[in-house]
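Student: I am new to this structure. Can you show me how to read its features?
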Amino acid sequence: MTDVWASSRRGLRPSGEQLARYRKVKMLPSGSRLLLRPLAHEDKQGLVDLFARASKEDLEYFRDDAGDPVVVESWVDNLNLERVFPLVAVVDDKIVGDATLHFRERYHRHLAWVRIFLDRAYRRQGIGTLMLRSLIEIARHVGLQQLYTEIVANQGRAIKAFQDLGFQREVTLSDYFITSGGETLDMVVLMLRLVERSGKF
Amino acid sequence: MTDIWEKLARYRKVKTLPSGARLLLRPLTKEDKEGFIDLFARASERDLELFRSDAGDPAVVESWVDGLNLESVFPLVAIVDDRIVGDATLHFGEHYRRHRAWVRIFLDHEYRRQGIGTLMLRSLIEIARQANLHQLYAEVLTTQPQVMKAFQDLGFRPEVTLNDYFMMDSGETLDMTILALQLVDHSGEF
């Protein structure tokens, strides 16, 4: 696996410009080349296409209406890597996945929330795990202390993937998620500690 | 649904405080801009650390009033002697979060320990039920046992304490408890 980080001033939070230069390349078992890089303004159509291929069920898991091209376009138009860092997975010039770090401000400035979506045709190949590993690397690089994610409790595989990367279950919130049909599901909140909790007294 | 919001915009609750002063609880309106800015201008630095946005910046507070949309954020203000002395808000969610809201509350120091906060929270719970919500959530620092107890007395249950979830301006981290109030009982469903 090769990756290139632009040089960043040690000890200072990298700028959006520096974050924009992140790259990771890997050969997939299929022989295809996978490129992980931040979303760019030029990716508008590719990102719209990615979510256009999402199933109705997939779309239920989004906080916004990812099935609406106008919504997706607005994400690209308002791209600010210092607020939301979307890492896309590109295979054969097609965006097949999007994993994002949602940074916070003020009393939450030391943590970020992680979200990930992969085209169904590209799941079970380890791409999701690679994307998450990259996000963890980026999170450490920008000096974050914790990463959080929330996953519907019946998505055992996704939960396991996060746990394999070190995320710990913090809590299961009953009925925290509601489907478009009005059914409620439990949601698990997981956390990855990037900085050890010091022995406070 | 529009009828509900029109009705909620007219929400009013009046109570006489132990001091004899009259307390009015009602939704924030655009006419409250100056009073709202004044409320947060009286907040201490320590108070301001607990806000998700810079409530000490008048421009930020103004934007809250300018962008007022009760179906997105429902701010209930407490008025005593024609002055806004408190603000308790319901932050509604969308999509898979549309059945729940987060609760936040701020009270002028001078008006604490008089039961106003509890009254405001009771009103928000009432409003949440009228808006057909299933759950309310709140996050409270573990260093605020009084606030925690106020929520628990209203039926909120601690769900989890997230260690080091809150970072002060100084960089010190504190633990935060997430509490939930179930407005609809899903138990026994199959």
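Tutor: This is a predicted model. Start with what covers the buried residues of α2(A): the cover includes α4 (69-77) and β5 (94-103) of chain A.

Student: Which residues of helix α2 of chain A are buried?

Tutor: A residue counts as buried if 20 or more other C-beta atoms lie within 10 Å of its own. In helix α2 (residues 44-52) of chain A, L47(A), L50(A) and F51(A) are buried. Look down the axis of α2(A): its buried residues fall within an arc of 90°, so they line one face of the helix.

Student: Now the strands. In which sense do β8(A) and β9(A) pair?

Tutor: In a regular strand the side chains alternate between the two faces of the sheet. Here β8(A) and β9(A) pair in the antiparallel sense, with seven bridges. Find T172(A); opposite stands V188(A) in β9(A). The hairpin of these strands has five residues between them. There, G182(A) takes a positive phi near 95°.

Student: What pairs with strand β7 of chain A?

Tutor: Strand β9 (residues 184-193) of chain A pairs with strand β7 (residues 146-152) of chain A. The sense is antiparallel, over seven bridges. One bridge to find: L147(A) has L192(A) in β9(A) as its partner.

Student: How many residues of chain A are in contact with chain B?

Tutor: Contact here requires C-beta atoms within 7 Å. By that test, 19 residues of chain A are in contact with 16 residues of chain B. Strand β8 (residues 168-178) of chain A gives the largest share of chain A's side, six residues. By class, that side has eight charged, seven nonpolar and four polar residues.

Methods: Residues are numbered from 1 along each chain as its sequence is written. Chains are lettered from A and ligands numbered from 1 in the order in which they are written. This is a predicted model: local features need pLDDT of at least 70, side-chain atom pairs count only at pLDDT 80 or more; totals for chains, interfaces and linings use all residues. Two residues are in contact if their C-beta atoms, placed from the backbone, lie within 7 Å. Helices (H or I, at least four residues) and strands (E, at least two) are DSSP runs, numbered from the N terminus. Ala, Val, Leu, Ile, Met, Phe, Trp, Tyr, Cys and Pro count as nonpolar, Asp, Glu, Lys and Arg as charged, and the others, Gly among them, as polar. A residue is buried if 20 or more other C-beta atoms lie within 10 Å of its own, exposed if 12 or fewer, and partly exposed in between; C-beta atoms are placed from the backbone. The arc is that of the directions from the helix axis to the C-beta atoms. Two strands pair if DSSP finds at least two bridges between them.
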